[in-house]
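Open the model in your viewer and keep the selection tool ready. The tour starts at the ligand and then moves to the cavities.

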Amino acid sequence: MRALGDLIVRRAAKMLTNCGDAPVFEGPAAVIIRDGRVAKVVSELDLRDELAGSSDAPELDAEGRAVIPGFVDAHTHLVFAGDRADEFAARLEGRRYEAGGIMRTVEATRAASLDDLVAGIVERAGRCLDGGTTTIEVKSGYGLETETERRCLEAIQRAGDLVEPELVATFLGAHLNPEPGYIDMLIEEMLPVCAPLASSCDAFCDVGALSVDESRRVLLVGKEHGLTPRLHAEELDHTGGAQLAAELGCASADHLVHASNEDAAALAAAGVVPVLLPATSFSLRSSYADARRFLDAGAEIALATDCNPGTSYTTSMPFVVALACSVYGLSATEAVRAATAGGAKALRRDDIGIVGPGARGDLVVIDGEDWVDLAYHPGMDTIAHAVKEGSIVR
Ligand code: NIG
Ligand code: FE
């Protein structure tokens with residue numbers, strides 16, 4: 001395990017703190033990190049006085065670049081085996097996406113050992129870090145039988161000890177309803193085994209997956225096991241998942257491509273975070289969620305990769321931010337806020353996604369003077385450095 005670091009990040013052109021009424025701190029700015037936590041954000045001009053000549057902490061010179069919180073990718077399916085490149089190629093020739101494609105990844109995942117699954121997560125989490133992601137939510141859901149779901153969650157736990165980003169596990173045994181009696185089995189057998197290894201419970205409420213009533217059953221029993229509910233909702237069609245997420249007070253409702261104004265209002269009123277996944281729409285060549293609809297309704301939105309082998313095989317939050325700007329029409333600051341503080345809220349965390357006193361010292365130095373460069377240079381490497389709890393990890 002990495003020791004929690006002391007670090008002073010200096011000479012930032014500007015900093016997105018996501019804190020209070022002035023979420024943008026105009027530079028030259030510095031952050032003082034002690035024991036892995038942010039102690040203070042100060043003007044570079046005041047740094048000497050703040051330290052009173054006493055600090056021998058290591059320094060990271062941002063050299064006039066912009067600094068943002070580490071990305072919080074609040075929706076991924078990083079634990080799987082195999083790939084479905086052939087399915088993607090077939091879609092390019094006109095085949096439609098169907099939720100049932102999940103079963104191909106299920107077969108490969110059932111056949112994979114614990115070590116194989118850990119290695120896959122480690123490799124992908126390293127790529128996430130390359131893109132500036134310091135916290136990753138990881139869902140199970142390619143096991144769909146008790147032993148494989150448990151093994152996937154154990155793999156997340158083991159990989160979490162091996163990688164720099166923090167991994168947050170979600171149980172998604174309800175990724176499909178593959179056979180009669182499955183939901184009963186999930187509730188009676190799978191949840192008791194899997195719940196101790198996860199912090200949230202998710203369900204794929206959609207055409208070809210679970211109905212609203214099936215999703216409600218799963219999430220309510222998940223809650224009894226202490227799991228925070230979240231829901232894949234309105235991705236492939238409008239089936240009522242958003243209203244269910246509001247009814248249950250889910251931490252997040254994810255995808256929302258087909259959500260209505262009423263859905264947006266209900267989510268905002270219930271404090272459910274809409275987690276928007278533009279890379280999925282990009283890869284499926286489907287329509288995109290209406291991000292502005294949720295902001296106008298008063299919700300705090302999150303952006304995430306949805307990294308999975310079927311519909312969005314990317315680990316790149318900079319790419320997601322670029323899509324959110326150019327396709328959703330968000331400003332760069334709105335998009336980066338959603339990819340940091342928004343993700344943190346979706347995970348019900350107040351110690352990440354911000355650069356403020358007490359928060360974890362998780363930062364990204366952008367390779368440019370402004371975070372707009374994330375969207376201005378799509379597909380390019382725009383991450384100069386990543387810092388995790390005060391240690392320079394990239
Ligand atoms: O978020 N929507 C459900 N699950 C994944 C896709 C799963 C797959 O096709 O493998 C998603 O898009
Ligand atoms: Fe998903």
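Which atom of ligand 1 lies 3.2 Å from a polar side-chain atom of H77? An oxygen atom. This is a predicted model, in which local features need pLDDT of at least 70, side-chain atom pairs count only at pLDDT 80 or more, and totals for chains, interfaces and linings use all residues. Residues are numbered from 1 along each chain as its sequence is written, chains are lettered from A and ligands numbered from 1 in the order in which they are written, and side-chain values use heavy atoms, without hydrogens and water.

**Stay on ligand 1.** Select H175: a polar side-chain atom there lies 2.8 Å from a nitrogen atom of the ligand. Now E235: a side-chain N or O atom is 2.7 Å from a nitrogen atom of ligand 1. The protein buries 100% of the 320 Å² that ligand 1 exposes when taken alone (Shrake-Rupley method, 1.4 Å probe).

**Show the shell.** Select the 15 residues around ligand 1 (a heavy atom within 4 Å). R84, Y97, Y142, E235 and T311 come nearest.

**Hide the ligand.** Its space is the largest cavity. A cavity is a set of points, on a 1 Å grid over the protein atoms alone, where a 1.4 Å probe fits but cannot get out; lining residues have an atom within 4 Å of a point. The volume is about 100 Å³. Of its 14 lining residues, Y97, H175, E235, N308 and T311 are closest to the centre.

**Move to the second largest cavity.** Its volume is about 30 Å³. Select H255, V257, L277, P278, T280, S281, A289 and Y328, which line it. Finish on helix α10 (residues 278–284; a DSSP run of H or I, at least four residues), which gives the most to this lining, three residues.

Technical notes: Polar contact = N/O pair within 3.5 Å; in protein donor to acceptor, adjacent residues only side chain to side chain. 1 Å grid on protein atoms, 1.4 Å probe; cavity = no way out; pocket = protein on both sides within 12 Å on 5 of 7 lines; lining within 4 Å. Sits in = over half its atoms within 2 Å of the grid points. Points joined across faces, edges and corners; volume = space filled by probe spheres on them. Helix = DSSP H or I, 4+ residues; strand = E, 2+ residues; numbered from the N terminus.
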